[in-house]
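Take a moment with the model before reading on. Follow each chain from its start and see what you notice.

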Amino acid sequence: MNNPPDVTQDPKEYEEYAHGVHQHVMRYVMVGVTLLVFTGITVALSYVDFGARKANVAVAMLVATLKAGLVAAIFMHLAAEKRLIYRILIFTGFFVLGLFWLIFLAWYDYPIFH
Amino acid sequence: MEIPYTVSTRPDTGLWNAKIGIWLFLASEVMLFGALFSAYIFLRIDAAPGTWPHGLLNVPVGTMNTAILILSSVTVVLAWAALKMRRYRAYWWYMLATISCGVIFLVVKLGYEWPQKFEHFGVFIKPDALAKYEQYLGNERRIEKGLEPRIEITGHLHSQNAKEYEVALDPVNADPDNPSMDRPHFLPLPVTDKIATIEKADVQRATMFLPTHSAYFASYFTITGLHGLHVLGGVIVFIYMWLPVSKKLYQRNPEHLANRVEVSGLFWHFVDLVWIFVFPLFYLL
């Protein structure tokens, strides 16, 4: 019995509500277009020689992180979310960084890095 | 029995329950894919020179699939917004668009990209026999330029007998000294009709482009396979929420359906987010 009745039953309230959502819609479409543009940029940059493959990897991962940040912040509403969800994600971030840190340590197994 | 807090927020958490549920699930998903990506990095930095292939995947098709997933992320969030505005008809169409995008992605992946790899053939040459196949490998020029040596000849398996493989060569092996072959092409070049004869005694291993081909293809098939399963899971959930059975829920409590779409949308965006990293790592770099 915790579910309240439909929030749209008050027509006035609904008008305000719908207007707020509508403003968001434009933002979603803009972010979608930005993501498509960035996909094109990623592909184009991969054919630019940055001197070393490592440099190309770094550039591509930078663009990918930007794109992922946009998806997380806008589509997944992480830009404005409740505190509990941030707490969950802080733990996740910590552990996943730990995972990658282990890989980083493996570099020391190669005295002369190939 | 009614499930509590599907729409109203729980006082102690400040959230409706499914929202916490999906974020806990996504947190575990981050660890799952994180483990696979760290394995990818580990395998790649440890790969011996010449063993990590470049330019074997179809970039235009991969780019198209990336765009399709991004588009579906937009349509699912528009579907949710339509429900919030109580426009069921618009919701229905946006959901149909999302489902279609997911299905197209899977058909392209499983019906086109993977089978093409299964037909492709690669022969790894033994180190002491590399010089013998110099005309297909072009290593003298590559070493001069400080590039990694080529150790594999690829193409389509034309025929084989007890002693030899006959391979219709990929352009990179048909014209190995052409500097334009040093970097992958955007448009995939078709297999040439130039045939190379390779003695089996000179071969370290020969295989189709299957997970057994290399660490590269093993991680490619594992990660894109797991990602594909996620796409399939998302599509099944979306189909359920698009069918008439969900219209009944909408008529009873539209906010409840909107919340269901929101949490499955969160999952869908996560799947998109994983692909944003998969695409450059496997297709471009």
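How many residues of chain A are in contact with chain B? The count is 44 residues of chain A, in contact with 49 residues of chain B. Two residues are in contact if their C-beta atoms, placed from the backbone, lie within 7 Å. Three helices of chain A each give two or more residues to this side: H1 (11–46), H2 (53–75) and H3 (83–106). The largest share, 14 residues, comes from H1(A). The residues on this side of chain A divide into 30 nonpolar, 11 polar and three charged. Here Ala, Val, Leu, Ile, Met, Phe, Trp, Tyr, Cys and Pro count as nonpolar, Asp, Glu, Lys and Arg as charged, and the others, Gly among them, as polar.

A word on the source. This is a predicted model, in which local features need pLDDT of at least 70 and side-chain atom pairs count only at pLDDT 80 or more, while totals for chains, interfaces and linings use all residues. Residues are numbered from 1 along each chain as its sequence is written, and chains are lettered from A and ligands numbered from 1 in the order in which they are written.

Now look at chain A by itself. It has three helices and zero strands. Its pattern along the sequence is α-α-α. Helices (H or I, at least four residues) and strands (E, at least two) are DSSP runs, numbered from the N terminus. Of the 114 residues in chain A, 15% are buried. A residue is buried if 20 or more other C-beta atoms lie within 10 Å of its own, exposed if 12 or fewer, and partly exposed in between; C-beta atoms are placed from the backbone.

Pick out Leu84(A), in helix H3 of chain A. Is Leu84(A) buried or partly exposed? It is partly exposed, because 16 other C-beta atoms lie within 10 Å. Leu84(A) touches Thr13(B), Gly14(B), Leu15(B) and Ile20(B), not counting residues up to four places away in sequence.

Cross to chain B. Its helix H2 (residues 59–84) has 26 residues and reaches 38 Å from its first C-alpha to its last. That is close to the 38 Å expected at 1.5 Å a residue. The expected span is 1.5 Å times one less than the number of residues. H2(B) is mostly covered, with 19 of its 26 residues buried. Just after H2(B), Arg86(B) takes a positive phi of about 60°.

Next, helix packing. H7 (residues 215–242) and H9 (residues 254–284) of chain B pack at an angle of about 155°, with their axes 10 Å apart. Axes are lines fitted to C-alpha atoms, for helices over the stretch in contact, and angles run from 0 to 180 degrees between N-to-C directions. So H7(B) is roughly antiparallel to H9(B); angles over 145 degrees count as such. Among the residues of H7(B) that meet H9(B) are Tyr220(B) and Met241(B). The contact of H7(B) with H9(B) divides into 14 nonpolar, five polar and one charged.

H7(B) has another partner. Helix H1 (residues 17–45) of chain B packs with H7(B) at about 170°, with axes 10 Å apart. H1(B) is therefore roughly antiparallel to H7(B). Leu36(B), Ala39(B), Tyr40(B) and Leu43(B) in H1(B) meet Ala215(B), Ser219(B), Thr222(B) and Ile223(B) in H7(B). These residues divide into six nonpolar, two polar and no charged.

Definitions and conventions: Parallel < 35°, antiparallel > 145°, perpendicular 65-115°, else oblique.
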